[in-house]
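Please read the following account of helix packing and of a pocket with the coordinates open beside it.

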Amino acid sequence: MKLLIDFFPIILFFVAFKVWGIYTATAVAIAATVAQIAYLRFKTGKIEPMQWMSLGVIVLFGGATLLAHDDNFIKWKPTVLYWLMGGALLIGQLVFKKNLLRSVMGAQLQLPDAIWLKLNWAWTAFFAAMGGLNIWVAYNFDTDTWVNFKLFGGMGLMVVFVIAQAIYMSRYLPQDDVPNAAEAKDKQP
């Protein structure tokens, strides 16, 4: 359910673009993001900083798109969001000596410090690359291709990256002391 809520604005943006075009889709994305934040506030009472940042970026760049009637602004929105996230991880690590990735996920995962640091750098690089890739697609292809990339390419690359991270992390997760079937059979009376 959380995944659906997280992708709600981008899915509505995609559908609205295919039916009505970029400017209606932009207005729908703004409204959907506001609705998403309102729903989360009502349901959980808490909004994550990343969600507030996403709202601010869509309102700013989406609003500029609608006011200037220029779709270049909305095309910059994913890049700005990716670079803000990557920049936050980078500044957190270099300036504040704090691994923000560990701060967010540390309660759910027990990993060695060196692995947290590698994950932080991997996500920083991933966000930087995704921001660059978004702009490259936006300026080298038509708007329809960019919208398709935004939904399928961006989300697809994110899924592949998350799976790769999960595989990498799995080597370092603590193992449960669950005996295998052969050991369990040997211990039976």
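A crossing of two helices is called left-handed if the near helix is turned anticlockwise from the far one by less than a right angle, and right-handed if the turn is clockwise. In this predicted model, H3 passes H4 in a right-handed crossing.

The two helices of this pair are H3, residues 49-68, and H4, residues 72-94, whose axes come within 9 Å and cross at roughly 160°. Because angles over 145 degrees count as roughly antiparallel, H3 is described as roughly antiparallel to H4. On the H3 side the contact includes Met50, Met53, Val57, Ile58 and Phe61, and on the H4 side the residues met include Phe73, Trp76, Lys77, Val80 and Leu84. Sorted by class, the residues of this H3 contact with H4 comprise 14 nonpolar, three polar and one charged.

H4 also packs against H7, here at an angle of about 20° and with the axes 11 Å apart, and these two helices are therefore roughly parallel to each other. The handedness of the H4 and H7 crossing is left-handed. From H4, Ile74, Lys75, Lys77, Pro78 and Tyr82 take part, meeting Thr143, Trp146, Lys150 and Met158 of H7. This contact of H4 with H7 has five nonpolar residues, one polar residue and three charged ones.

H7 has a further partner in H6, with the axes of the two helices 11 Å apart and an angle of about 165° between them, so that H6 and H7 are roughly antiparallel. H6 passes H7 in a right-handed crossing. Among the H6 residues in this contact are Leu119, Trp123, Phe126, Phe127 and Met130, while those of H7 include Trp146, Phe149, Leu157, Met158 and Phe161. By class, the contact of H6 with H7 holds 18 nonpolar, three polar and one charged residues.

At least two lining residues come from each of helix H1 (2-20), helix H2 (22-44), H3, H4, helix H5 (100-105), helix H6 (113-140) and helix H7 (143-170). Which helix gives the most to this lining? That helix is H7, with 10 residues. Taken by class, the lining of the largest pocket divides into 34 nonpolar, eight polar and six charged residues.

Note on methods
Residues numbered from 1 in each chain as written. Predicted model: local features only at pLDDT ≥ 70, side-chain atom pairs only at ≥ 80, totals over all residues. Heavy atoms only, no water. Axes fitted to C-alpha atoms, helices over the stretch in contact; angles between N-to-C directions. Helix = DSSP H or I, 4+ residues; strand = E, 2+ residues; numbered from the N terminus. Parallel < 35°, antiparallel > 145°, perpendicular 65-115°, else oblique. Contact = heavy atoms within 4.5 Å. Nonpolar A, V, L, I, M, F, W, Y, C, P; charged D, E, K, R; others polar.
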